[in-house]
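Please examine the sequence and the three-dimensional model shown here. The report after it is arranged by structural topic.

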Amino acid sequence: MRLLVLFFTLTFTLFASNITHFAYEGAINPASSAFVKKSIKEANKQNSQLIIFELNTPGGLVSSTRDIVSQILNSNIPIVVYVSPKGSRTASAGTFILYASHIAVMSEGTNVGAATPVQLAFTEEKNSKPSTMQTKAINDASAYIESLAKLRNRNIQWAKESVTKGASIDSQKALELGVIDFIANDMTSLLKKLDGLEVQIDKKIVKLDTTNSKVHTIEEGFKIKLLSYLSNPSIAYGLMLLAIYGIFFELMNPGSIFPGVTGLISGALALYSLNILPFEIAGLLLILIGLVLMIAEVFIVGFGILGIGGVIAFVFGSLILFDEKTLGVDISLSLIIAFALVSTAIFIYLLKIIIQERKQKAKTGIDEMIGAVAKVIKKKDDIYKVEIHSEVWNAKSNEELEKGKEVIVESIDGLVLQVKPKKE
């Protein structure tokens, strides 16, 4: 019994010594927020004692920044924000994230600051004054970073200057001013300096043991990379233009289908990329667009454009909508890919059938008579009587025809067939 207890105690101790590490490079956006959430959740599953968030960012969206900060502040596992590798920065929105961390670390050759809300920053012309909205935004950001500085016992004055004056400093100066806890140039050095460090989580003091810890690295994955790519300002702008021109050309040429479908899907993606719609609503909108387009393909001959466009919209909607926040677990990417491939194959098969049907000759009506074989049964003056499809028709010919001769129908003029002799 004692051996069993010792085994479980030893197993738990080794498991608890895990360290979760993840790295993010790029603008702060809904995708980066989702990645942080995913990593913290994985760290809790692994029962990690520490999370290392390696960051290199020029800044980003306020809403996503606040979401990431909230996740860090409410984490029951200590989080180290590590500005690395050399040459990296944690500017603008990244400054708030660094200040929110339980332990703030930078590599040499990195910088932090310039946290003024960029989209609201006023021009520096003579006698120019910030508007009321600009002043409110700057004051709000200043109060926000001040609250983080007080919570983590970091330099308050410089934090406010980074917002109000756009101040920016390197790692050495950040250490001198008490903006960060220490400098580490690589992961080995970082783990060594973290060993034995005491961190307060709520009202508990946690002592870190990184000597024999196993570092578990979490990758962004295809979904996060795709959503981050869509959140790129250049991509968002391009999607917006595609939406405008696609819908415009569809209105100019009703029934073109392709411009309309392209514009519709691009418009929904642009709403997500520009952070106008939350990802839940944008994802649901894309799924609904996908379903409508796929159903429309059944009733409207869109030559597969509606169907394939619907599949694309449905796939993007599934990637955006279904995540841990919505379902508690992430939907399988392989399931989404399987659905896309099967649906695309179905619409390609239907398109093939449509094309084949259009190539076939008419089986009924006047069009079916052209090229058909008839038989001469009687002649009166210049008019012949011919039998075709068990019917007797009047016919004319530019050549002399004999009774019993087979002829080919060239054209139809009212109820008279124009025929010619069938070649043997």
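The sections below cover the basis of the model, the barrel, the aromatic pairs, the surface and the backbone.

## Basis of the model

This is a predicted model, in which local features need pLDDT of at least 70 and side-chain atom pairs count only at pLDDT 80 or more, while totals for chains, interfaces and linings use all residues. Residues are numbered from 1 along each chain as its sequence is written, and side-chain values use heavy atoms, with hydrogens and water left out.

## The barrel

Five strands form a closed barrel in the order 12-13-14-16-15, and their pairing is mixed. Strands here are DSSP runs of E with at least two residues, and helices are runs of H or I with at least four residues, both numbered from the N terminus. Two strands pair if DSSP finds at least two bridges between them. From one strand to the next, the twist averages 50°; axes are lines fitted to C-alpha atoms, and angles run from 0 to 180 degrees between N-to-C directions.

Tyr384 stands opposite Ala395 of strand 14.

## Aromatic pairs

Six aromatic pairs are found in a search of the whole structure. Rings of Phe, Tyr and Trp (its six-membered ring) pair if their centres lie within 6.5 Å; planes under 30 degrees apart count as stacked, over 60 as edge-to-face and the rest as tilted. Tyr99 and Trp158 form a stacked pair, with 6.5 Å from centre to centre and 10° between the planes. This pair links distant parts of the chain, since Tyr99 belongs to helix 4 (residues 93–100) and Trp158 to helix 6 (residues 156–164), 59 residues apart. Tyr99 counts as buried because its relative accessibility is 0%, and Trp158 is likewise buried at 5%. Buried means under 20% relative accessible area, exposed over 50%, and partly exposed in between (1.4 Å probe, protein chains only).

The ring centres of Phe248 and Phe249 are 5.5 Å apart and their planes lie at 65°, so this pair is edge-to-face. Phe248 is partly exposed, with a relative accessible area of 43%, and Phe249 is partly exposed at 43%. Elsewhere, ring pairs link Phe22, Phe35 and Phe53 into a cluster.

## Surface features

A nonpolar surface patch includes Tyr237, Ile244, Phe248, Phe249 and Ile276, and the members of the patch together have about 1,000 Å² of accessible area. Patches are made of residues with over 30% relative accessible area and no salt bridge, with nonpolar side chains (Val, Leu, Ile, Met, Phe, Trp, Tyr) joined within 5 Å and like charges within 9 Å. A salt bridge is a side-chain nitrogen of Lys or Arg within 4 Å of a carboxyl oxygen of Asp or Glu. Ile244 lies in helix 10 (residues 233–252).

Lys173, in helix 7 (residues 171–176), counts as partly exposed because its relative accessibility is 38%. Lys173 and Val112 are 61 residues apart in sequence, and their C-alpha atoms are 9.8 Å apart in space.

## Backbone features

Ser84 and Pro85 are joined by a cis peptide bond, with omega of about 0°. Pro85 lies in the loop between strand 3 (79–83) and strand 4 (89–91).

Ser92 has a phi near 50°, a positive value in a residue other than glycine. Ser92 sits in the loop between strand 4 and helix 4 and counts as buried at 12% relative accessibility. Asn153, a residue other than glycine, also has a positive phi, near 55°. Asn153 is placed in the loop between helix 5 (132–152) and helix 6, and counts as exposed because its relative accessibility is 72%.

Conventions. Areas by Shrake-Rupley, 256 points an atom, 1.4 Å probe, with all protein chains shown as cover.
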